[in-house]
Amino acid sequence: MSALKSQFEFENLLEEVGDFGKYQKRLITLFLIPSAALLPWFTMNILFLVFTPDHWCNVPEVSSSNLSIEIQRSIIAPADVASCFRYDLNYTELLNSGELYVRNGTPVVECDKGWQYDPTHFEETAASKWNMVCKDEHYPSFVMTLTNVGSIIGTPIYGTLSDKIGRKPVFFIVILVTAMTAISSVLMTNFTAFLVLRTINGSLMPSVFQLPFIILLEVVGPAMRTRLNGVSNAAWTFGLCLMPLVAYLSKHWVTFGLITSSTSVLMFCYWKFLPESPRWLIAQEKYSEAAVVLTRIAETNSKNIDPVELRLKIKKLGERIKKEDKMDEVKNTATDLVRYPNLRKKFLIVSFCWVADMFAYYGLQINVPNLGGNPFINFFILSAVEIPGLICSWYFMEKYGRRWTSVSFLILTGSSCLLVAIVPEGIPYVAIVCSLIGKFGASAAFMAVYQQSSELYPTTIRSIGMGMSGTFAGVANIVIPYVVFLAVIAKYIPFVIIGLVNLLAGISAILLPETLNAILPQTIQDAERFGRDQKYFSCNPRRTSIESLNEEQSPKLLNDEI
């Protein structure tokens with residue numbers, strides 16, 4: 001029971017110094033919101049960088065003429081194979097004759113002198129620069145896949161580092177690598193170098209999103225955790241909605257890449273402003289540093305505390321955590337996630353939910369070109385629909401709990417995607433409407449699942465746990481670009497795959513324990529015990545304050561001490 005007491009004591013420490021005062025509000029306003037709003041600019045910009053414009057065969061004598069683009073295409077591109085074939089004609093003779101039409105039955109040949117690209121949306125993208133079309137049309141998917149391969153390699157590394165050397169230094173390491181690789185990749189003239197740099201850059205997601213949230217999560221009280229998640233996701237969505245406008249105004253992939261990637265450099269302004277997590281400092285036996293951070297929080301929140309008494313409480317808490325870990329031979333590594341049965345079950349289910357949600361969120365986003373119409377407007381609408389999704393998720397998480405929120409929205413996402421395969425293709429806008437509903441559900445489910453994972457994993461391996469779940473999602477993301485690529489066979493295939501995975505995840509999420517108003521587990525054993533006494537079909541857990549928890553547990557704790 002000592003572990004339970006240590007778990008409560010840190011929450012009491014937060015209450016003493018202020019668990020949601022001026023200090024936390026300042027961090028949210030000046031750090032979390034700006035950083036979360038800029039994150040999609042240098043983590044999701046790849047979707048526009050490899051955008052494939054409409055294209056047709058290049059015929060030098062025609063492209064150098066004064067003919068309009070419409071007439072040029074009419075005499076070059078056969079209607080049924082317009083992108084990869086041209087009419088087999090002597091175009092010099094055709095232009096000299098003045099008869100600018102092609103007779104029926106004219107043979108066609110493959111493009112042999114490159115391609116012309118429609119400049120309506122972009123003057124140039126990475127896809128048009130390196131001709132990722134026709135026989136090489138899989139390369140945009142390959143680039144995005146390599147980005148996700150990078151996340152599989154990097155996420156567990158950064159997650160482990162975060163739990164070993166601290167949240168703050170790893171955040172700035174991630175930002176440094178982001179700035180270097182993102183900016184240099186768009187300046188490369190060599191395709192192989194571009195691929196390597198984008199792979200390294202991909203190693204930063206989802207760590208670059210997790211770390212700011214974890215830093216704030218560990219200095220606020222239980223009642224504020226959902227609000228924190230909502231603010232973070234809302235800021236992300238706001239940045240995502242602005243990105244197509246930046247792409248539209250940029251017109252060139254290098255300009256767009258430099259603008260969006262350079263924003264990462266602004267993060268270094270937070271070096272002195274950002275604190276280290278006091279939870280992590282206590283877990284690492286850095287009691288003096290934890291006392292400094294907690295004292296600073298108390299002073300900013302206008303709380304009067306006794307520095308000597310605070311240091312004694314911190315040290316006592318740290319010694320208890322250390323003693324428990326030693327007794328249970330806990331190493332606080334990734335292996336602990338599968339070493340203990342209850343923690344293993346939660347880890348596997350949470351990871352599967354991450355996989356399903358990434359299938360829907362990322363898959364529906366990169367499926368935008370297959371929907372037709374203006375890519376900037378489609379991207380904006382699919383991003384903007386996240387806002388009502390986040391609001392609904394926020395409300396339901398506070399009203400009915402995290403578990404049923406994630407279950408409901410995962411099932412909604414899966415059902416909406418499967419609807420595309422059921423409804424006949426002739427009905428207009430079905431794919432677009434179902435994509436909007438799916439993205440709405442995916443964003444809501446992501447917020448709930450993300451909240452669950454941050455609350456189910458203990459402080460000692462929170463970054464490792466979320467990093468490993470992110471790694472599983474990264475494995476899924478490798479497949480997603482090729483799942484979307486299957487739309488060349490039939491447009492409903494990506495929807496069927498995404499829908500089935502989300503339905504299965506929604507069913508499995510029922511087995512996760514509820515974390516609404518629960519105290520964050522501090523140690524492995526805290527996490528292993530958590531949820532064992534919960535009824536799995538209950539909802540709307542009773543709201544309990546820290547004080548009442550201590551009062552309820554005090555007789556048992558007293559007996560333990562005796």
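Apart from neighbours within four places in sequence, Thr300 is in contact (heavy atoms within 4.5 Å) with Lys22, Tyr23 and Arg26. The model is predicted: local features need pLDDT of at least 70, side-chain atom pairs count only at pLDDT 80 or more, and totals for chains, interfaces and linings use all residues. Residues are numbered from 1 along each chain as its sequence is written, and side-chain values use heavy atoms, with hydrogens and water left out.

**Overall build**

- Along its principal axes, the C-alpha trace spans about 105 × 50 × 40 Å.
- Among contacts with a separation of 6 or more, 82% join residues 24 or more positions apart.

**Surface and charge**

- Buried residues make up 56% of the 562 in the chain. Buried means under 20% relative accessible area, exposed means over 50%, and partly exposed lies in between (1.4 Å probe, protein chains only).

**Nonpolar cores**

- The largest nonpolar core comprises 133 residues, and Ile282 and Ile314 have the most contacts inside it. A core is a set of buried Ala, Val, Leu, Ile, Met, Phe, Trp, Tyr and Cys residues joined through side-chain atoms within 4.5 Å.
- Helix α18 (residues 341–366) is the biggest contributor to this core, giving 15 residues.
- Another core, of twelve residues, lies apart from it; Cys57, Val62, Ile75 and Leu94 are among its members.
- Beyond four places in sequence, Ile282 is in contact with Phe10, Leu13, Tyr287, Ala290, Ile314, Leu317, Gly318 and Ile321.
- Ile321 belongs to helix α16 and is buried at 2% relative accessibility. Its C-alpha is 20 Å from that of Ile215, which is 106 residues away along the chain.

**Buried helix residues**

- Thr181 sits in helix α9 (residues 167–187) and is buried, with a relative accessible area of 6%. Not counting residues up to four places away, Thr181 touches Leu197, Ile200, Asn201 and Leu204.
- Between Thr181 and Ser261 there are 9.0 Å in space, C-alpha to C-alpha, and 80 residues in sequence.
- Thr300 lies in helix α15 (residues 287–300) and counts as buried, at 18% relative accessibility.
- Ser393, in helix α20 (residues 386–400), is buried with a relative accessible area of 0%. Outside the four places on either side, Ser393 touches Thr405, Phe409, Ala444, Met447 and Ala448.
- Val483, in helix α23 (residues 462–485), counts as buried at 6% relative accessibility. Setting aside residues up to four places away, Val483 touches Phe359, Pro494 and Ile497.
- Val483 and Val254, 229 residues apart in sequence, are 28 Å apart from C-alpha to C-alpha.

**Loop residues with positive phi**

- Lys251 is not a glycine, yet its phi is positive, at about 70°. Lys251 lies in the loop between α12 (225–250) and α13 (253–262) and is partly exposed, at 23% relative accessibility.
- Ser302, also a residue other than glycine, has a positive phi near 60°. Ser302 is placed in the loop between α15 and α16 (307–327) and is exposed, with a relative accessible area of 64%.

Notes: Helix = DSSP H or I, 4+ residues; strand = E, 2+ residues; numbered from the N terminus.
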